[in-house]
Amino acid sequence: MSTSTPAASRSHYGSIAIIGALFFIFGFVTWLNGPLISFAKLAFNVSESLAFLIPFAFYISYFVLALPSSLILKKTGMKKGMALGLFLMAVGAVVFGQYTTARVYGGAVTGIFVIGAGLAILQTASNPYISILGPIEGAAQRIAVMGICNKVAGILAPLVIGTLVMHGMGDLSAQVANADAATKEQLLNEFASRIHDPYMFMAGLLALLAVGIVFSPLPEIRPEEVNADDGARGSRKTSLFQFPHVWLGALCIFVYVGVEVMAGDAIGTYGQGFGLPLDSTKFFTSFTLFGMLAGYVVGLIAIPRFISQERYLTLSAVLGVVLTLGAFLTKGYASVGFVAALGFAHAMMWPAIFPLAIQGLGRFTEYGSALLIMGIAGGAVLPQMFVHLKQVYDFQLVFLVLMVPCYLYILFFALRGHAIGHGVAGVPAAQNG
C-alpha cells in the first residue's frame with residue numbers, strides 16, 4: 001500500500017467532510033426505522049410482527065442489492081455510484097410518503113425497501129472509500145468521524161419525527177381504540193398523512209445532494225491501487241474465496257448489525273414489554289444513539305493513538321456481553337438503560353470490523369465491500385427473531401439468548417478471525433506509514 005504524505009493527508013480533509021455529510025444524511029434516514037415501527041403499528045393498524053416489516057424490508061434490501069451495487073460501482077466508479085444511491089433513496093422517500101398517506105402498507109414497505117436499496121449502493125461505495133482514503137490502520141479513526149456524523153443525525157431523527165409526526169400518539173391510540181369504524185378511519189388517515197411533507201422534503205434534499213456529489217471535488221479512488229497487499233501476494237490471488245478474512249468479516253457484520261438494530265430500533269418494543277408508556281418509548285432510540293455518539297468520541301481519541309482497532313473491538317465485544325447481562329438482571333427503566341448503553345459498546349465495532357475485513361483485497365475491494373454490506377441483513381433477521389420468539393418466551397430471556405452469542409463471535413473475529421489466511425493473528429498483513 002502506498003504511503004500517505006502530509007500534503008496528501010491535508011487534501012483528504014475536504015473529501016472526509018463531504019463523505020461525513022453523506023453519513024449524516026443516511027444516518028438520519030436509517031435511524032427513522034425505530035420510531036417508524038410504532039408509527040406503522042398505529043397508522044396502518046397492523047400487528048407488532050407486521051410493523052417489524054419496516055426494519056426487515058430496509059435491512060434485507062442490503063442483502064439483495066449489495067452484489068449488484070458492486071457491479072454498478074465497477075462501471076460508474078465510487079463517486080457517481082454515491083450520487084446514484086442518493087437519487088434512489090429520494091425515489092424511495094417519495095414512494096414511502098405517498099403510500100403511507102394513502103395507508104397502503106405494502107406500498108409503504110416497498111418505499112422503505114427502495115430507500116434501503118439506495119443506501120446499499122451508497123454504503124458499498126462510501127465505506128471502502130473512507131477506509132482506503134488514508135492509511136488502513138487509521139481507518140477506524142476516520143470511520144469514527146463518519147460515525148459521529150451518522151449518530152448525531154440518528155439522535156435527531158427520532159426527535160424530529162416524534163415531534164412532527166408522532167406527537168400525541170398515546171392519546172390517539174386510546175381514541176382509536178374507543179372510536180366507531182368511520183371515526184377510527186378518519187383519525188388514522190389524518191395521523192398517516194402527517195408523514196407526507198417530511199418525506200417529500202427529504203426526497204428533494206436527497207436529490208439535490210445527488211447532483212451536488214456529481215459536481216463535487218471528491219477524487220476518484222482506484223481500490224486495486226491503494227488497497228493491495230504489500231508485494232505481489234494480492235496480485236497472485238484470483239478469487240474472493242482466497243481471502244477468508246473477508247467472509248468471516250461478513251458474518252461479523254451480520255451479527256454486529258443485528259445487535260445494533262436490536263439495541264436501537266427494537267429498544268422501544270423492549271421498553272413496551274415492561275408496560276412503559278408509548279409517548280416515552282418512541283424516544284428510546286435516541287438514548288441508544290447518545291451512547292453510540294459517546295463511544296465514537298472515545299474511539300476517535302483512542303484509536304490508533306492508544307489502542308489498536310483490533311484490541312478496541314475485543315473490549316467492545318466483552319462490554320456488550322456485560323451490558324446484556326445487566327439488562328437481563330434488571331427491570332423497567334434500569335433494564336432499558338442497559339440496552340441503551342449498548343450503543344457505547346457498538347460504536348467502534350463497525351469502524352473496526354470493516355477495514356479489518358477489506359484490508360489487502362486490492363482489485364476485489366468492491367466485491368468484498370459488497371459482501372460485507374450484504375451482512376447488514378442481520379438487522380432484518382435478529383429483530384424478526386426477537387419479535388416472534390418473545391410471543392412465546394420471556395422477552396428479556398429472548399434478548400439475552402440472541403445477543404450474547406453475537407458478541408462472542410465478534411470477540412472471535414477481533415482476536416483471530418480477522419487474521420485467518422491474511423497474516424499473523426493480531427498483526428495486519430500490510431502496514432502503512
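Two residues are in contact when heavy atoms of each lie within 4.5 Å. By that criterion W350 touches Q123, N127, I143, I253, Y256, V257, P355, I373 and I376, with residues up to four places away in sequence left out of the count. The model described here is predicted. The protein contains 21 helices and zero strands, and 58% of its 433 residues count as buried.

**Overall picture**

- Among contacts in the protein with a separation of 6 or more, 86% are accounted for by residues 24 or more positions apart.
- The protein exposes about 15,800 Å², and carbon and sulfur atoms supply 70% of that area.

**The nonpolar core**

- In soluble globular proteins, nonpolar side chains tend to be buried together.
- The largest nonpolar core here has 142 residues, of which I19, L36, M82, Y199, L313, W350 and I410 touch the most other members.
- Helix α6 provides the largest share of this core, with 12 residues.
- W350, one of the core members named above, has both I253 and Y256 among its contacts.

**Packing of helices α12 and α15**

- Two packed helices are described by the angle between their axes and the distance between the axes.
- Helix α12 spans residues 244-264 and helix α15 spans residues 284-302; the two pack at an angle of about 130 degrees, with their axes 8 Å apart.
- On the α12 side the contact is made by Y256, E260, A263 and G264, and on the α15 side by T285, T288 and M292.
- By class, the residues of this contact are three nonpolar, three polar and one charged.
- Y256 takes part in the contact of α12 with α15 and is also touched by W350.

**Two buried residues in helices**

- V109 lies in helix α6, which covers residues 105-131.
- The relative accessibility of V109 is 15%, so V109 counts as buried, the limit for that class being under 20%.
- Apart from its neighbours within four places in sequence, V109 is in contact with L53 and A57.
- V109 and F58 are 51 residues apart in sequence, and their C-alpha atoms are 8.3 Å apart in space.
- T314 belongs to helix α16, residues 309-329.
- T314 has a relative accessible area of 12% and is therefore buried.
- When residues up to four places away in sequence are not counted, T314 touches L411, A414 and L415.

**Two loop residues with positive phi**

- N45 is a residue other than glycine with a positive phi, near 55 degrees.
- The loop that holds N45 runs between α2 (33-43) and α3 (48-51).
- N45 has a relative accessibility of 46% and so counts as partly exposed.
- R103, likewise a residue other than glycine, has a positive phi near 60 degrees.
- R103 is placed in the loop between α5 (78-101) and α6.
- With a relative accessible area of 18%, R103 is buried, because buried means under 20%.

Note on methods. Residues are numbered from 1 along each chain as its sequence is written. This is a predicted model: local features need pLDDT of at least 70, side-chain atom pairs count only at pLDDT 80 or more; totals for chains, interfaces and linings use all residues. Side-chain values use heavy atoms; hydrogens and water are left out. Axes are lines fitted to C-alpha atoms, for helices over the stretch in contact, and angles run from 0 to 180 degrees between N-to-C directions. Helices (H or I, at least four residues) and strands (E, at least two) are DSSP runs, numbered from the N terminus. Ala, Val, Leu, Ile, Met, Phe, Trp, Tyr, Cys and Pro count as nonpolar, Asp, Glu, Lys and Arg as charged, and the others, Gly among them, as polar. Buried means under 20% relative accessible area, exposed over 50%, partly exposed in between (1.4 Å probe, protein chains only). A nonpolar core is a set of buried Ala, Val, Leu, Ile, Met, Phe, Trp, Tyr and Cys residues joined through side-chain atoms within 4.5 Å. Accessible areas come from the Shrake-Rupley method with a 1.4 Å probe; for residues, only the protein chains shown count as cover.
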